[in-house]
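Here is a short report to read alongside the structure. Please keep the 3D view open as you go, and enjoy the tour.

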Amino acid sequence: MNIIDSVNNADDPPVTVDVLQRVKPGCEMAFEQVLTDLIAAARSFKGHLGVNVFRSGSTSPEYRIVFKFDRVSHLKQWEASPLRQKLLKRASQLTVDTGQISVLTGLETWFTLPTQPGLSPPPRYKMVILSGIAIFILLNLATTFIVPLLLPLPPLLRTLVVVLLIVSIMTYVVMPRLTRLFAGWLYPKLHP
C-alpha cells in the first residue's frame, strides 16, 4: 500500500514525508549504510528536493527521516520503485517496527517541529492565523524596502520576485522559527 493513496490524484502539490524509525540496538551501523543508500537512491528520482535526517542519542536509537518531493506524483514514482522496495526490505531487518509515517502537503509543511516527529498538524485556523500574520509583516516589509528597488522591472516580474522572496523566507526562515516560538499555542497537548 502506498503511503499517500488518500491524496487526490487530480491535485499534485509538493509533499513532505516524515518517517520516524526505531533501530534495533546494535544495528545502527548497518542501518546507517541502508539509510545512505536510500538517500542516494531518492536523489536520483525526478522531483526529489532533499532529505533531512535527525538522530536521537537514546538507548533505543530513533531516526527521523524527512523526504521532500516537488509533486505527489513524483513521490508515488519513488514509492513504487523496485529499488526503494529492496532498500526498505533491508531496513526492515534492522528496525524495531514498521515506524510512523506522516505525509504533509500544503500549509502543514510549515508547521513541523523537528523534535516531535509524526505529530499531527495544528488546527487549520491556527495555521491560517500564524501564517497570515507572518505574510502580512513580510509583505509590508517587502513593499517598503524591496519594491522600490524593483521599480525598473515590469509589474508582473516585480510581483513574481516579491512572491518568490516571501515564500522562500516563509519556508526557510520565518515559519520554522514561529512554529518553535508558538509551539505551546499550536500544540497545547505538548505544553500543558
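## A buried arginine

Arg 158 sits in helix H5, which covers residues 155–181; helices here are DSSP runs of H or I with at least four residues, strands are E runs of at least two, and both are numbered from the N terminus. Arg 158 is buried and yet makes no salt bridge. Buried stands for under 20% relative accessible area, exposed for over 50%, and partly exposed for the range in between, using a 1.4 Å probe and protein chains only. A salt bridge needs a side-chain nitrogen of Lys or Arg within 4 Å of a carboxyl oxygen of Asp or Glu.

For Arg 158, the nearest side chain of opposite charge is Asp 70, 28 Å away; Lys and Arg count as positive, Asp and Glu as negative, while His and the chain ends are not counted. Which residues does Arg 158 contact, leaving aside its neighbours within four places in sequence? They are Val 147, Leu 150, Leu 151 and Leu 153, where contact means heavy atoms within 4.5 Å.

## About the model

The model is predicted: local features need pLDDT of at least 70 and side-chain atom pairs count only at pLDDT 80 or more, whereas totals for chains, interfaces and linings use all residues. Residues are numbered from 1 along each chain as its sequence is written, and side-chain values use heavy atoms, with hydrogens and water left out.

Helix H1 spans residues 28–43, 16 residues in total. From first C-alpha to last it reaches 22 Å, close to the 22 Å expected at 1.5 Å a residue; the expected span is 1.5 Å times one less than the number of residues. Phe 31, Val 34, Leu 35, Leu 38, Ile 39, Ala 41 and Ala 42 are its buried residues. Viewed down the H1 axis, the buried residues fall within an arc of 160°, so they line one face of the helix; the arc is taken from the directions between the helix axis and the C-beta atoms.

On the other side of H1, Met 29 and Arg 43 are exposed. The buried residues of H1 pack against strands S1 (15–22), S2 (48–55) and S3 (62–69), and also against helices H2 (72–80) and H3 (82–92).

## Three salt bridges

How many salt bridges does the structure hold? There are 3. Arg 64 pairs with Asp 18, their closest N and O atoms being 2.8 Å apart. This pair links strand S3 to strand S1 across 46 residues, and both Arg 64 and Asp 18 are buried.

Arg 55 and Glu 32 meet at 2.7 Å, N to O, connecting strand S2 with helix H1, 23 residues apart. Glu 32 is partly exposed at 23% relative accessibility. Arg 90 and Asp 37 form another salt bridge, at 3.1 Å between the closest N and O atoms, and link helix H3 with helix H1, 53 residues apart. Arg 90 is partly exposed at 31%, as is Asp 37 at 25%.

## Two nonpolar cores

The largest nonpolar core has 23 residues, of which Phe 31, Ile 65, Phe 67 and Trp 78 touch the most other members. Such a core is a set of buried Ala, Val, Leu, Ile, Met, Phe, Trp, Tyr and Cys residues joined through side-chain atoms within 4.5 Å. S1, H1, S3, H2 and H3 each supply at least two residues of this core, and H1 gives the most, with 7 residues.

A second, separate core of 13 residues includes Leu 130, Leu 150, Ile 166 and Met 175.
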